Every structure is written in structure tokens, then in C-alpha cells.
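Hi everyone, thanks for coming.

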Amino acid sequence: MSEAQSGKTYECKAQQDLLWKQGEPAFYVELASVAAQPWGHLRSPAEDERLEAWKRTDSQIATIFLDSVDELNLTQGKFRTALRNVANDLEGHMGRIRVVLTSRPLPVDRDLFFKTFAASKPQQRLSEEDFANLALGKSAEKQKREKARPEARYVSLLPLGRSDIERLAQARGVEEVESFISAPHSSSMMDFMRRPQDVIEAAAAWVELNGSFGTHAQQVAFDVQARLKPNPNRHDRDLAPARALKGAQRLALAVVLTQRLTLRHDVNNDILDAATVIDPAIILEDWPNEDRKALLERALFGFASYGRVRFHNRLAFEFLAGQRLSELINAGLARSAVRRLLVIETAQGFDVIRPSLRDVAAWLSLWQPWVFDLVNRLDPALLLNLGDPGSLKVEQRQRALDTFIERFGMGGWRGVSIPEIQIHRLADPTLEPIVRERFASVENVEVQQVLLDLIGAAKMAGSAEFARAVVWDHKADIYPRIDAIVALVALDDRELIDIAGSIAAGPGEWSQSAARSILYRLYPSHMTDEQLIGVLGWMEETNSTGYQLSRVGLCKVGMESDRRSDLGFLHSSFKVRAFTQRGG
């Protein structure tokens, strides 16, 4: 479970390919594809052969990579149907499979997953030992379960480290890697280049703009253009860049409107399954077949299943679909038609942005002011959450933030938190008057956190008083207090000296979890070694304490400090606590 663009799909495909080359029965399955058809319709002849050979064995383990739950939701496919269409081909062999399921950090029906792939228990005679345990009231089965490996393991992909970023940037054409890492923007950019796709997009903009990161929208555009170029190591058919882009935009809009993620690549396949896949020959009917084939073989597209390809990620086709719609509007497409496409009426009689087109609407708002007005009226949170708020005009950012506060500022939890990277893109000093005017009247904790994040991201020194007040409000929720400290750190505020002293003094004003979350944000820049030892002295050690401090804190501190090895020993082993208790 990892956020979007972390590399889940790439990792699954790489592991499946590695196992396949070793002769293992390993299969990659796109959940969205099997939601509408049996898995057998998507397997290649080689996969069919290896699956049948595996079934004839008695002990070999098969690995099934199921990717990805969130894109299954995008196509309105049913999780139950997708799982069953895969499980049907594995019946009778459930005891010999290992299933890897990928998803963003969203709710997943785990019970359904376990039930679908549960292995049936064979009938066995009771052994003498089992009979004796039963007579004595001992549960042998319970003992076995306690010793057995867990049925499920939950993992996520770690963020990229500095060396990872350097290697990936160099692979994407950045020659002066050190300049890329230490550029003027990089002090703030580095916090957000933790996912592979973020680095890829930043590198594409850096190369195209000769040493600048550009806006998020520019980064996506440059990455798309780079992926549409022919492979220099192959004799690819030449396509004019503008023509390739137009073709990609048309296909992207078709993907969004039909909610089918895969495109037919081989005309000899999918004859019986035309309803589940997009035929590029229909969308690009004015293109010769050779040009369509050349487009689908560009790096913008990747293998989906036998005879099919798909856009390499969701962000790309949503961005391109927004571009295509904008061009159609400029060419005369009626606004009323676009509004009917974007807006639906709920059962309660409210107009809302169609869920499957929310990302497209956010991108379209950058290029069509009337769409911005429409989205801002119906769902201002969408403009801050999705697309690129950093590419909006300053006046639009101000309006979006003001409407967001007006709509969600009162009451309790609404589920309207804004990702940190989007706050970074939105941040602008011109938003400070709105923050100063509105902050005191905000009741909703999530909206308060958004404003605190903006104070830090936009360096609103004139609003530091609000962050200080939240830090010392012991009745406040812990999360806004942490965000307030982060804002003060960004402002290098004088109050940080007192905050560090307060935390070091003892647990009276700060909880255990709060101290763990705050510690790495203050040390070493705003907390002394003595204060650090003081905090570790009163902090209770748990099974995850050292892990939290070393994995979360040091990943960040290690980017800029040469003290990582020292801190690594203190945090991961947690010896300091016992040391200070002995009066050392």
C-alpha cells in the first residue's frame, strides 16, 4: 500500500519478470482488466502453458501480482468480480499460491480478499499426538497457528533517498546532477521528490528548461513529450512531435470517457472482448495503421496484458484528456456540452463534479477560466487537492482558498485535508491576508491544518502568531500542534527555543506520540544534544519507537547532516534511555 506514483506497478512487473526468467510460475494481472472478463482471455499462450504446468506439480508456489485496487475503482469495476475471475483459474490449488495486491492507502475489503483465495482444508485422520492433546484440553491447531507465518503482510515502498534521486535523475538525462540536487529550489523541492515519478517529471522539466524545475503542469507536459519521442536505440517509425501528442490526447480522452484503461495493440487479439478494450483504429480512424502502432510503442504506453497496452500512469492520461477537452472547447465545443460531461446531479438534488472526471476537471480549470469558476463553486477542495494549484493565477488561488475556507471552515471533520505537496504548489505570500483574516474563525481542524501548512510553505512571518498560539494550546488536537511547529521551523521562529525546552522537560505538556513526531523536526537545528537526551530519557520505549525515530527522522535529517551514523545508533538501538536512567 503506497501512494500514487510510488512505483507499485513497476515493482510488481519487475518482480514478475525476475521470477518468470527463473522459471517460476509468476503472473501479473491488472485488476481493472479482469473486472469485466475472465483472466484466461488476457493470458498469453506462454502464460497458459506455465499455469497448466504448475497445476500439475504438487509443491511449487505460484505468485500472482494483482494491480491495482484504486484503478479498479476508477473504472467502476467490482472488486469481488475481479478477484473471482482470477480465483476461478486457481481453484483446487489455493494452498500453493502467494498473492500480492497493490493499492493506494485506501480502504480495501480484506475479508473478501482472504475468503476468495482461502485454501480448503484437507480431511486428515487424527494422530496419536493430536488425540492426546485433545484429551488433555490442549489445542494443537492453536499452537501451530501461533508458530505459523502471518497470513497477510502489509508493506509500503520507502521514499527515495538522495543517492536514489541522483541515479534516477541521471538516467533521465540530467547531466549536472549535483546542480539538480542543490539548485535554489531544491531545499524545498527535495522534500517532495520522494516518489520515482516526481523525480522523473522534475528531471524532464530541468532538461527542457535548462536548469529549472518549472511548475507541476510543465513537469507533466515535458515528461509526456519526452516519452513520446522515438527510442534512439531502435528503428522506430518517425512521428512528428505535435502529431504524436495529438494522437495521445485523443486516446487519453477516450480512456477517461469510456473508463477502459487498456488499448488494443495487436489486431489479432480481443476479437471476442471488444467491449473491455479501446480500439485505437476507431479513435484514430484518420491515421494509418503503421502510425498508430508506432504511437502505442512509445514510452508513454506500457504493457498491460497479452495484446494490450495502457498509458504508463494515470496522471498522464488525465492531464492529456484535460488538454484535449480544452482544445475542443477552443475549437467551438459548446460549454453546455462540457458542463453536462463534468457535472452530475446527486439523489439529493445537488450538482457535483462527476467522480471519474475530477482530475480532468482540475487540469481543465488551468486553461478554461469558466471551468475554474464552475469547479470553485461546486467543489473548491478539488482545485487545491488535484491538478496543479501552482499554475493557477494568483487571483484564482486567492478565490479558491477563500471559497475553501468558507465552505469547510466550520464544523467537524469533513475529509478535506490537502496533501503536503499540493500545499507547496499552492503556497504564495499573496495568500497571507486571507490567512490572517480567516484563521481565528476556523473551527474545522483539517482547514486549520491547511492554513498552518500554508504559513510555513509560503513563509508567512506575519502569521507566525497563529502557529504559536496553536502550539501552546494544550486542549488542541495533536496534529495541528505538530503542523504549527513545522510552520515555525520553516520560519526559523524564536519560539522554537522554548518549545524544545518544554519537550525536554518532561511529558507534562506533550504526549509520547507527539514527542516522537516532533523530535526529528527540531533536532539538530533547534534542539541541543542535551535536550535530545532529556527527551529520550522520559520517552517510553515501545516495539516501534526506535523504528519510528530512525526510519522517519533520520531519512530526513540524513539528507543534510553528516551526523546520521551517530543518530542512527542512538535512535535505532535506543540505548540512550537506559544510559540516562543510570545517571550516565
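Let's begin with a crossing: H17 and H19 cross in a right-handed way, meaning that the near helix is turned clockwise from the far one by less than a right angle. A word on the source: this is a predicted model, where local features need pLDDT of at least 70, side-chain atom pairs count only at pLDDT 80 or more, and totals for chains, interfaces and linings use all residues. Residues are numbered from 1 along each chain as its sequence is written, and side-chain values use heavy atoms, with hydrogens and water left out.

Helices here are DSSP runs (H or I, at least four residues), numbered from the N terminus. H17 covers residues 314-330 and H19 residues 358-367, packing at about 50 degrees with axes 8 Å apart. Axes are lines fitted to C-alpha atoms over the stretch in contact, and angles run from 0 to 180 degrees between N-to-C directions.

What about H27 (residues 478-491) and H29 (residues 512-522)? Their angle is about 5 degrees, and their axes lie 10 Å apart. H27 is therefore roughly parallel to H29, a label for angles under 35 degrees. Contact means heavy atoms within 4.5 Å, and among the residues making it are Ile 482 and Val 486 of H27 and Ile 518 of H29.

Note on methods: Helices (H or I, at least four residues) and strands (E, at least two) are DSSP runs, numbered from the N terminus. Angles under 35 degrees count as roughly parallel, over 145 as roughly antiparallel, 65 to 115 as roughly perpendicular and the rest as oblique.
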